Amino acid sequence: MKLNCSALDVSSEEPGLPGELICRHAFPIIPLGFWPLPGYGFPDEDVTAAQARFQESYFKDEEGNWYHGD
């Protein structure tokens, strides 16, 4: 099943099976990243590690689509 809207796709390989929520455009409550964020006085390596975890957690592809895996 595939439902197409302007901002998200919901798909499953077979009807009745769990699928993925994929958001193709930004939405009002999307987090900006994991703490620590840049500009708050934390070491650069801590900020870089947090940014990498954020990308690995929510952006599974190279197209920048948000995957909410919860």
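## Y67 and strand β4

Y67 sits in strand β4, which covers residues 66-67. The model is a predicted one, and in it Y67 has a relative accessible area of 15%. That is below the 20% cut-off, so Y67 counts as buried.

What does Y67 touch, once residues up to four places away in sequence are set aside? The list is E20, L21, I22, S57, Y58, K60 and D61. As for C23, its C-alpha lies 6.7 Å from that of Y67, although 44 residues separate the two in sequence.

## Overall layout

Stepping back, the protein has 1 helix and 4 strands. Going along the sequence, they come in the order β-β-β-α-β. Of the 70 residues in the protein, 19% are buried.

If you take the contacts between residues at least 6 apart in sequence, 22% of them join residues at least 24 apart. The protein exposes about 5,500 Å², and 56% of that comes from carbon and sulfur atoms.

## The core and W66

Which residues make up the largest nonpolar core? There are 5 of them: C23, F54, Y58, F59 and W66.

W66 has contacts with the other core members C23, F54, Y58 and F59. Leaving aside neighbours within four places in sequence, W66 also contacts L21, I22, F27, I30 and P31.

I30 and W66 are 36 residues apart in sequence, with a C-alpha to C-alpha distance of 9.1 Å.

## Aromatic pairs

How many aromatic pairs does the structure hold? The count is 6. One of them joins F34 and Y58 in an edge-to-face arrangement, with 6.0 Å centre to centre and 65° between the planes. This pair links distant parts of the chain, since F34 is in the loop between β3 and α1 while Y58 is in helix α1, 24 residues apart.

Back on the F34 side, F34, F54, Y58 and F59 form one aromatic cluster.

F42 is placed in the loop between β3 (20-23) and α1 (44-58). Is F42 buried, partly exposed or exposed? At 35% relative accessibility F42 counts as partly exposed, because that value lies between the 20% and 50% cut-offs.

Technical notes. Residues are numbered from 1 along each chain as its sequence is written. This is a predicted model: local features need pLDDT of at least 70, side-chain atom pairs count only at pLDDT 80 or more; totals for chains, interfaces and linings use all residues. Side-chain values use heavy atoms; hydrogens and water are left out. A nonpolar core is a set of buried Ala, Val, Leu, Ile, Met, Phe, Trp, Tyr and Cys residues joined through side-chain atoms within 4.5 Å. Buried means under 20% relative accessible area, exposed over 50%, partly exposed in between (1.4 Å probe, protein chains only). Contact means heavy atoms within 4.5 Å. Helices (H or I, at least four residues) and strands (E, at least two) are DSSP runs, numbered from the N terminus. Rings of Phe, Tyr and Trp (its six-membered ring) pair if their centres lie within 6.5 Å; planes under 30 degrees apart count as stacked, over 60 as edge-to-face and the rest as tilted. Accessible areas come from the Shrake-Rupley method with a 1.4 Å probe; for residues, only the protein chains shown count as cover.
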